[in-house]
Amino acid sequence: MTRVDHLTGGIYRLSTYAAAKRLSFNQFLIDDDAPALIHTGTFPMYDDIRAAITQVLDGKRLRYIIVPHFEADECGGMGRFVGEATQAVLACSLVGARINLQQWDYNGPVHGMQDGDVLDLGRHKLRFWETPHVHHWDSMMVAVETTGSLFPADLFIQPNEQPPVVEEDLGADMCQWYRSAGLFGGSEPVLRVVDRTERLAPNWVHPMHGGSLPGKLLPRYIAALRTQPFTFDGHLFCRQLPDWVEGRTTGDRQSPAQR
Ligand SMILES: [Fe+2]
Ligand SMILES: [Fe+2]
């Protein structure tokens, strides 16, 4: 079942907990003149998420379907959501539009967003951050200035079932989960976005997995990313790759020119 919680200023969290994966899958619905859905959930989750949206507004009114990177939990329902809402436009990063949508079987309208681009929903203004290699080449994030909210997709997540608003420091659990899943190939792009997030000083951070973080808790999660290992160390979803068992398991390998 997908639960619906109002977080702040017309932003709703639609959350489905997958016990087998020990992870929640969140979508965020922004109720405005031009309503927006951030992340669609996977293809099989569509009916539950569609019903959850209906608790807040008519899904046919959706104006923007926002996909921060192309992965099934972020974009699996995009075709059906865009198809059902005749005014809907898919918004992804410009890189995502080029590498994932051209020559694909998606024929709907697309906005490829660049850093600093703004979508005006009415009361909410969505400003886009290009965040390449924070998990994926095409990754982006969304900042909503009116509520001081940041939607960082898979950054700042927490595993296990969490309340809509998290009050605990789960930074160590976050870093451990990133290492076991193998989510981030390197630290530099991530830490640059961490710095940018700190400068923004948002009132809210709304990760795709776990609960939303109030701004006062954010420094704990930032500190965890700055002080604890979180990058790929040879594990993919808890499975150790054989090539990494006897090889180097940490740090960036230098190119011959750097040695
Ligand atoms: Fe992802
Ligand atoms: Fe995700």
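Colleague: Is Glu71 buried, exposed or partly exposed, and how big is its relative accessible area?
Modeller: In this predicted model, Glu71 is partly exposed, with a relative accessible area of 25%, where buried means under 20%, exposed over 50% and partly exposed in between, using a 1.4 Å probe and protein chains only.

Colleague: And His69, buried or exposed?
Modeller: His69 is buried, its relative accessible area being 1%.

Colleague: Which residues coordinate the iron ion (ligand 1)?
Modeller: The iron ion (ligand 1) is coordinated by His69 (NE2), Glu71 (OE), Glu74 (OE), His135 (NE2) and Asp154 (OD), at 1.8 to 2.8 Å; donors are N, O and S atoms within 2.8 Å of the metal (3.2 Å for Na, K and Ca), and sites may look incomplete because water is not among the atoms.

Colleague: What does Glu74 bridge?
Modeller: Glu74 bridges the iron ion (ligand 1) and the iron ion (ligand 2), which lie 3.4 Å apart.

Colleague: Changing topic, which residues of helix 6 and helix 7 make the contact?
Modeller: On helix 6 they are Leu191, Val194, Asp195, Thr197 and Glu198, and on helix 7 they are Leu218, Ile222, Leu225 and Arg226, with contact meaning heavy atoms within 4.5 Å and helices being DSSP runs (H or I, at least four residues) numbered from the N terminus.

Colleague: How are residues numbered, and what are the limits on pLDDT?
Modeller: Residues are numbered from 1 along each chain as its sequence is written, while chains are lettered from A and ligands numbered from 1 in the order in which they are written. Local features need pLDDT of at least 70, side-chain atom pairs count only at pLDDT 80 or more, totals for chains, interfaces and linings use all residues, and side-chain values use heavy atoms, leaving out hydrogens and water.

Colleague: Back to the iron ion (ligand 1), what is the spacing of its donor residues in sequence?
Modeller: The spacing is H-x1-E-x2-E-x60-H-x18-D.

Conventions
Helices (H or I, at least four residues) and strands (E, at least two) are DSSP runs, numbered from the N terminus.
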